[in-house]
Amino acid sequence: LKAIAARVLGIPAMVFLATLPAACSVAQGRIGIDAPPEDQFSVQNSVGDYLDHRCGSLDCHGQPGRNLRIWGCFGMRLDPKDISSCTIGSGTAQPRITTPDEYHATYRSLVGLEPAVMSEVMQSNAANPELLTFVRKARGLESHKGGRLITPGDDQDTCIVSWLQGNTDMMACGKAAFLYPMFLAPMGPDASTSP
Amino acid sequence: VLTLTIGGTVYAQQDKPLPAVAAQVQIVDQSGHTANLTTNPAGNFFTTAATFQPVYPFRVAQVAGADGTKVNMFSVSNREGSCAMCHFSPASPISPGPVFVLSTTAAALRAQQQGGMP
C-alpha cells in the first residue's frame with residue numbers, strides 16, 4: 001500500500017518539478033537591496049572603525065562563528081596571513097590597519113544581515129532604525145550578550161542612525177570609537193594587587 | 001574559593017617563553033575605575049571579585065616591564081576577563097598572540113645597540 005501511495009504521490013511531484021525551471025526563469029535577474037552608503041562606512045574614523053573598535057573585539061563579533069561578523073585590525077582579520085593587531089608603523093615596520101577588503105566584508109555582513117528590513121529602513125530614511133535587530137540589540141531593546149551599548153541620541157547611536165540616513169556624522173563616529181571613560185580616565189590607583 | 005575577574009600572563013619577550021616578572025599592568029574599565037597590578041614570578045596577574053569587579057568593556061591601558069618598557073592595548077575587552085581567550089599562540093587572524101613586553105624587533109635593536117645578540 002505504501003508503494004502505491006508513493007507512486008500516486010510521485011506523479012504530481014514529478015509534474016511540479018518539471019514545471020519548476022519555467023516558473024523560476026522569471027527571477028533570474030540580480031536581486032539588490034536598499035543599503036546605506038558604503039563610502040561613508042569604509043573610511044577611517046567612520047562607521048566601520050566604530051564597529052571594529054567597539055563591537056568587533058575578539059571576544060564579541062570578531063569571531064568566525066558569529067552571524068554578524070566584523071573584520072578589522074582591532075579584532076578578526078580577513079587575510080589568513082595577517083594577525084589581529086593594529087599598529088601605526090614606525091621605521092621600516094609596515095602599519096597594520098583595517099584594510100579596504102575588511103571594511104567591505106564588514107559592510108556586507110551588516111547590510112546583508114536582514115536585507116528586507118534594511119531596505120524598509122532605508123526607504124523610510126531610517127525613521128524607525130530599531131526595526132533592525134542590530135540596532136535593537138545595541139540599544140538594549142533585545143537580549144544581547146554584550147548588554148546595552150548605546151542610548152538613542154548618544155554619539156554611538158548618532159553614528160549609526162546618521163549613516164542609515166545617508167549622511168554620516170563622522171564626528172560622532174570618531175568620538176564613539178575612542179572617547180570612552182576608559183580612554184580618558186586619569187591613571188589613579190583604585191585597586192592594586194600583586195598576585 | 002577565589003573568584004578571578006581578570007587574569008592573564010605577560011611574557012618578557014615576543015616568541016620566548018620567559019615570564020615578565022614584576023611587570024605593571026594597568027586596567028581601566030567603562031566607569032573609569034583602574035586596577036594596578038604586578039605580575040608574579042610566573043608572569044601572571046589577576047584581579048579578584050573582592051579587589052576589582054570591572055564594568056565592561058575594559059581596556060588594558062598599559063603593560064610596563066620591570067625595565068620601564070611600555071606597551072599599550074588599544075582594543076577593548078567587551079566581556080572576557082581571561083586574557084588568554086584572545087591572546088593565544090601563535091598570533092593569527094583571530095589572535096594577536098601572547099602578551100609580551102618587548103617585541104622581537106625591539107629586542108634585536110636593543111641587542112644591536114648593546115653590541116650583543118638578541
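Start your tour at the second largest pocket, which holds about 450 Å³ of space. (A pocket is an open set of points on a 1 Å grid over the protein atoms alone, where a 1.4 Å probe fits, with protein on both sides within 12 Å along at least five of seven lines; grid points are joined across faces, edges and corners, and the volume is the space filled by probe spheres set on the points.) You are looking at a predicted model, where local features need pLDDT of at least 70 and side-chain atom pairs count only at pLDDT 80 or more, while totals for chains, interfaces and linings use all residues. Residues are numbered from 1 along each chain as its sequence is written, chains are lettered from A in the order in which they are written, and side-chain values use heavy atoms, with hydrogens and water left out.

**Around the pocket**

Select His61(A), Lys137(A), Ala138(A), His144(A) and Leu149(A): of the 29 lining residues, these lie nearest the pocket's centre. Lining residues have an atom within 4 Å of a grid point. Color the lining by class and you get 16 nonpolar, 9 polar and 4 charged residues. (Ala, Val, Leu, Ile, Met, Phe, Trp, Tyr, Cys and Pro count as nonpolar, Asp, Glu, Lys and Arg as charged, and the others, Gly among them, as polar.)

Which helix gives the largest share of this lining? Pick α5(A), which supplies 4 residues. In chain A, α2 (47-54), α5 (133-138) and α6 each bring at least two. (Helices, H or I with at least four residues, and strands, E with at least two, are DSSP runs numbered from the N terminus.)

**Along helix α6**

Stay on α6 of chain A and click Ser162(A). Ser162(A) is buried, at 8% relative accessible area. (Buried means under 20%, exposed over 50%, and partly exposed in between, with a 1.4 Å probe and protein chains only.) Leaving out residues up to four places away in sequence, Ser162(A) touches Asn167(A), Thr168(A) and Asp169(A); contact here means heavy atoms within 4.5 Å.

Now show Asp155(A) together with Lys175(A): they form a salt bridge, with the closest N and O atoms 4.0 Å apart. This pair links distant parts of the chain, 20 residues apart, with Lys175(A) in helix α7 (residues 170-178) and Asp155(A) in helix α6 (residues 155-164). (A salt bridge is a side-chain nitrogen of Lys or Arg within 4 Å of a carboxyl oxygen of Asp or Glu.) Lys175(A) is partly exposed at 34%, and Asp155(A) is partly exposed at 30%.

For another one, select Lys81(A) and Asp79(A), whose side chains meet at 3.6 Å, N to O. Lys81(A) is exposed at 74%, whereas Asp79(A) is partly exposed at 34%.

Hop over to chain B for Arg110(B) and Asp67(B), a salt bridge at 2.7 Å, N to O. Arg110(B) sits in helix α1 (residues 104-113) and Asp67(B) in the loop between β5 (58-64) and β6 (70-71), 43 residues apart. Is Asp67(B) buried or exposed? Asp67(B) counts as exposed, at 53%, while Arg110(B) is partly exposed at 30%.

**Two last stops**

In strand β5 of chain B, find Ala61(B), which is buried at 4%.

Finish at residues 184-190 of chain A, where pLDDT stays under 50. (pLDDT is the predictor's confidence in each residue, from 0 to 100.) Where pLDDT is low, the predicted coordinates should not be read in detail. Chain A averages 82, and 73% of the residues score at least 70.
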